[in-house]
Amino acid sequence: MRAVEISKPGGPEVLKPVERPKPSPKDGEILIKVAAAGVNRPDIAQRAGLYPPPPGASDLPGLEVAGTVAALGAGVTGWKVGDTLCALTPGGAYAEYCTAPAPQCLPVPKGFDMVQAAALPENYFTVWHNLFERGQLKPGESALIHGGASGIGTTAIQLAKAFGATVFTTVRNEGKAKAVRELGADHAVLYKDNDWAAEVKKLSGGIDVVLDMVAGDYLPKNLQLLKQDGRCVVIAVQLGAVASINAAFVMMNRLTLTGSTLRPQSVESKGRMARGLKDKVWPLLEAGKVKPIIYKTFPLKDAAGAHAELERADHVGKVMLTV
């Protein structure tokens, strides 16, 4: 099969098209003939040598796909060869074929093409787990979503709004602010050359849940913005993993600081997330109430171009690969 591998740690140019043996599904896995795959920040980190795949996973990058069932591993039920699906994968999506544990596979929502379906798993699993399972966002509460124009951000804004929250977000420029307001954000605050925290405080009076993909010096500001019993969920550390926080403020206001990474979690845990998505979110997708935002699509052989595009950070939504 055709695939794209990381020839050595480095920039986008180290992504090289290669021929690889087609994988075989292990017990409990599905072999997928890939039609499209998403490009995500963890792929960039893996390419740079900073995010190795977990034990037993493919060394090829790529954490989400859509395609058709090519073969079933022992013990897999509920699927048959030829079915269409999308899947959260432990790696290996930059290829014509990849495997995924069956509990991490979901049907393609009605009316969705393969590129749209492949844009769902990484962002929707992440947002569902962190904003709703860990962050416990409830109707009538307020949410602050950092990086609102990213794939995660555009997903979180739409889902938070669909479940009845008031949504605040931070973005880089006015063009992105306009785009995220059109997706449902109630307020979009520019973070460059601006005291974004003071602006959010003035607009909101306080936030119930913060979804933080920035960390660094954003973290103490996020905590200061929280109402009593507020929750801050950290999902990435783009400005650094170390911060100084006021523990007394956390105690006095009964705050919760938590976070997660998705890839190392168990198949059982991801299966639980998948069931929640199928039950609560797939109906919203099929009704057109939320949707993946596709910014640009590249052929698999130009995965390097897709990575360069994502790193430019001009995008609103997802960068995708077609196979």
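## Pockets and a helix pair

Helices H1 (41-47), H3 (121-134) and H4 (151-162), with strands E9 (166-171) and E15 (318-322), each supply at least two residues of the lining of the largest pocket. Helices (H or I, at least four residues) and strands (E, at least two) are DSSP runs, numbered from the N terminus. This is a predicted model: local features need pLDDT of at least 70, side-chain atom pairs count only at pLDDT 80 or more, and totals for chains, interfaces and linings use all residues. Residues are numbered from 1 along each chain as its sequence is written, and side-chain values use heavy atoms, leaving out hydrogens and water.

**Exercise 1.** Find which element gives the most to the lining of the largest pocket, and how many residues.

*Solution.*
- Step 1: 41 residues line this pocket.
- Step 2: Arg41, Ser150, Met213, Ala236 and Gln238 lie nearest its centre.
- Step 3: H3 gives the most, with four residues.

**Exercise 2.** Find which element supplies the largest share of the lining of the second largest pocket.

*Solution.*
- Step 1: E6 (97-101) and H9 (267-286) each supply at least two lining residues.
- Step 2: The largest share, four residues, comes from E6.

**Exercise 3.** Describe how H6 and H7 pack.

*Solution.*
- Step 1: H6 (residues 196-204) and H7 (residues 218-225) pack at about 15°, with axes 10 Å apart.
- Step 2: H6 and H7 are therefore roughly parallel (angles under 35 degrees).
- Step 3: Trp196, Ala197, Val200 and Lys201 of H6 meet Tyr218, Lys221, Asn222, Gln224 and Leu225 of H7 in the contact (heavy atoms within 4.5 Å).

Conventions:
Axes are lines fitted to C-alpha atoms, for helices over the stretch in contact, and angles run from 0 to 180 degrees between N-to-C directions. Angles under 35 degrees count as roughly parallel, over 145 as roughly antiparallel, 65 to 115 as roughly perpendicular and the rest as oblique. On a 1 Å grid over the protein atoms alone, a cavity is a set of points where a 1.4 Å probe fits but cannot get out, and a pocket is an open set with protein on both sides within 12 Å along at least five of seven lines; lining residues have an atom within 4 Å of a point.
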